[in-house]
Amino acid sequence: MKPDPIYVARPRLPELSDMMPLLEEIWGSRILTNRGPVLQRFETALSKYLGVEHLSVVSNATQGTVLAMRQAGITSGEVITTPFSFVATAHAIRLSGATPVFADIDPETLNLDPAQVEAKITPQTRAILPVHTFGIPCDVDGLAEVAARHGIALIHDAAHAFGVRRDGQSILRHGDMSVLSFHATKVFNTFEGGAVIVQDRDTKLAIDRLANFGFADAVSVDDIGTNAKMNEFNAAVGLAQLCGFDDVLAARHVVAGRYSARLEGVAGLRCVCPTGVAGHNSYAFPILIGPDYHIDRDALFARLEDANVFARRYFYPLISDLAPYSDLPSAAPDLLPVASKAAEQVLCLPLYHDLDEAAQNRVIDVILAGS
Ligand code: T4K
C-alpha cells in the first residue's frame, strides 16, 4: 500500500475559534460584500502587518494586476515581463489590452534581468511587470532605474512575496504598484484573494473604484472598472489568518532549513532559495537538477510521484511556450536561454508550515537515493 500523498502545498487554516466571532458578525449584519466592515478592518490590519501604507484588498492577484495596469493607463502597447512565471502574469497583460514581451532572467535569482529588459524597450513599451519569483526579490533598483530612464511604469507581480523584506523594509514598497496573491497555495491565504499595494491614498481610492465597476459615487462611473471585490467571508479568513502568522513563517523556515541541510552539496543539484536570509518568506523550495545529478529532472519527478510525493515543475512550460503566447516574436526559445534551461531543470519540493519531519524525510530520501 502506498503511503499518504504529500502535496507541494497545503493551506494553513485559521483557528475556527478566531473565525466564529467574525462569521457571527457577518451573519448578524448581513453585509456580505462591497467593502464591508470586516474587509476594512482586514485592510488596516494587513497594511500594518506588512509595513505598507496604501493597500487595496481584491478578489485575486490576476484581477489585481489587471486593475494595476488599468490604473497605470495601460490599455495597449507592450509590457515587458518574465516567461518564468505562472501564466496569470502574462494573462493580466493581455486582459488589459497590451502585448507581453518576454525578456530573459538572471541565472542566480531566476528573476527578470534588467539588462535583458533594457534590450527589449521600444517606443511601444508602456511598463515592466517583473515577478519576485519564489519570494526572492527581483532587482528592484536595477528595474526601477530602467523604468525611470524610459518613463514607463513598474508594476511588481508580488504573488509569492507576502512578508518578504529587504534592508528591513517590505519589498512591496518598491515600484509603482505591487500585487499579492492570497490563493489557497500561497504563504498567506484567504482561500482566494489578493491585494494591490500603491504609493499614495489617491491611487488606492482609484484602485478601489476600478475594483467596483468604476463607480465614483452612486450615480457616476469614472472608468471601465470590473468586479474585483473581495467579499466579507474571505476578508474574515484574512483577518483571522493574521493571528499568530509570524509562527507560520517561522515554521516554513524550519522546513526549508531541513531541506537545505540535507540537499546542499548534492552533486548536480542546486537549491535556489538561500535559507537563513533575513526577510525571506520560504514561499517554496525550488531545486535545479543539472547534468551532474544521476537522473534528469523529469525522472526524479516521476520517482517522487511513485513514492506518492507530488512535487511540481514550477515553471515548466515557460509562459512563452504556451499556446496563447508561443507565436510572439519575443517567445522564441533561443532568445530566452536562461529561462529555457531553468524550466527544464526546476522542481519545487513540498513546503508548508506543518510538513512534519517524517514526511519530509520521505521526499529527501527519494532525492538522495542513488546520489
Ligand atoms: N502571479 C504569479 C507569479 C502566480 O504564481 C500566481 C498564481 C498568480 C500571479 C495569480 O494569482 P491568483 O490570481 O491565483 O491570486 C497554483 C495556484 O492556483 C496559483 O494561484 C499559483 N499562482 C500557482 C503557482 O499555483 P496549480 O494549478 O499548480 O495549483 P493546484 O490546484 O494544482 O495546487 C497545488 C497543490 O496544492 C495541490 O496538489 C494540493 C494543494 N492544494 C491546492 C488547493 C487549491 C490544497 O491542499 N488545497 C487547495 O485548496 O496553480
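Predicted model: local features only at pLDDT ≥ 70, side-chain atom pairs only at ≥ 80, totals over all residues.
# Reading the contacts in this model

Q: Is Glu-118 buried, exposed or partly exposed?

A: Glu-118 is partly exposed, with a relative accessible area of 27%. The scale calls a residue buried under 20% relative accessible area, exposed over 50% and partly exposed in between, with a 1.4 Å probe and protein chains only.

Q: With which residue does Arg-149 form a salt bridge?

A: A salt bridge is a side-chain nitrogen of Lys or Arg within 4 Å of a carboxyl oxygen of Asp or Glu. Here Arg-149 pairs with Glu-118, and their closest N and O atoms are 2.9 Å apart. Arg-149 belongs to helix α6 (residues 140-150) and Glu-118 to helix α5 (residues 114-120), so the bridge ties together parts that are 31 residues apart in sequence. Arg-149 is partly exposed, at 46% relative accessibility. The element names follow DSSP runs numbered from the N terminus: helices (H or I) have at least four residues and strands (E) at least two.

Q: How many salt bridges are there by this rule?

A: The count comes to 16 salt bridges. One of them joins Arg-173 to Glu-53, with 3.2 Å between the closest N and O atoms. Arg-173 lies in the loop between β8 (169-170) and β9 (177-181), and Glu-53 in the loop between α2 (37-50) and β2 (54-58), so this pair ties together parts 120 residues apart in sequence. Arg-173 is partly exposed at 31%, whereas Glu-53 is exposed at 54%.

Q: Where do Arg-262 and Asp-365 lie?

A: The side chains of Arg-262 and Asp-365 meet in a salt bridge of 3.5 Å, N to O. Arg-262 is in helix α9 (residues 245-263) and Asp-365 in helix α12 (residues 357-368), so distant parts of the chain, 103 residues apart, are linked. Both residues are partly exposed, Arg-262 with a relative accessible area of 35% and Asp-365 with 42%.

Q: Which residues are linked in a network of salt bridges?

A: Arg-35, Glu-43, Lys-204 and Asp-208 are linked in this way.

Q: Which residues that surround the ligand are the closest?

A: A residue is near a molecule if one of its heavy atoms lies within 4 Å of it. The ligand is surrounded by 24 residues, of which Arg-10, Thr-62, Asp-157, Ser-181 and Tyr-314 are the closest.

Q: Where does the ligand sit?

A: A pocket is found on a 1 Å grid over the protein atoms alone, as an open set of points where a 1.4 Å probe fits, with protein on both sides within 12 Å along at least five of seven lines. A molecule sits in it if more than half of its atoms lie within 2 Å of its grid points. The ligand sits in the largest pocket. The elements that give two or more residues to the shell around the ligand are α3 (61-71) and α4 (88-95).

Q: Which residue caps the N-terminal end of α3?

A: Asn-60 is the cap, with a side-chain oxygen 3.1 Å from the backbone nitrogen of Thr-62. Within α3, the buried residues include Ala-61, Gly-64 and Val-66. Just after α3, Gly-73 takes a positive phi of about 80°.

Q: What is the omega of the peptide bond that joins Tyr-314 and Phe-315?

A: This peptide bond is cis, with omega about 10°. Phe-315 is in the loop between β15 (309-310) and α11 (337-345). The bond from Tyr-316 to Pro-317 is also cis, with omega near -5°, and Pro-317 lies in the loop between β15 and α11.

Note on methods:
Residues numbered from 1 in each chain as written. Heavy atoms only, no water. 1 Å grid on protein atoms, 1.4 Å probe; cavity = no way out; pocket = protein on both sides within 12 Å on 5 of 7 lines; lining within 4 Å. Polar contact = N/O pair within 3.5 Å; in protein donor to acceptor, adjacent residues only side chain to side chain.
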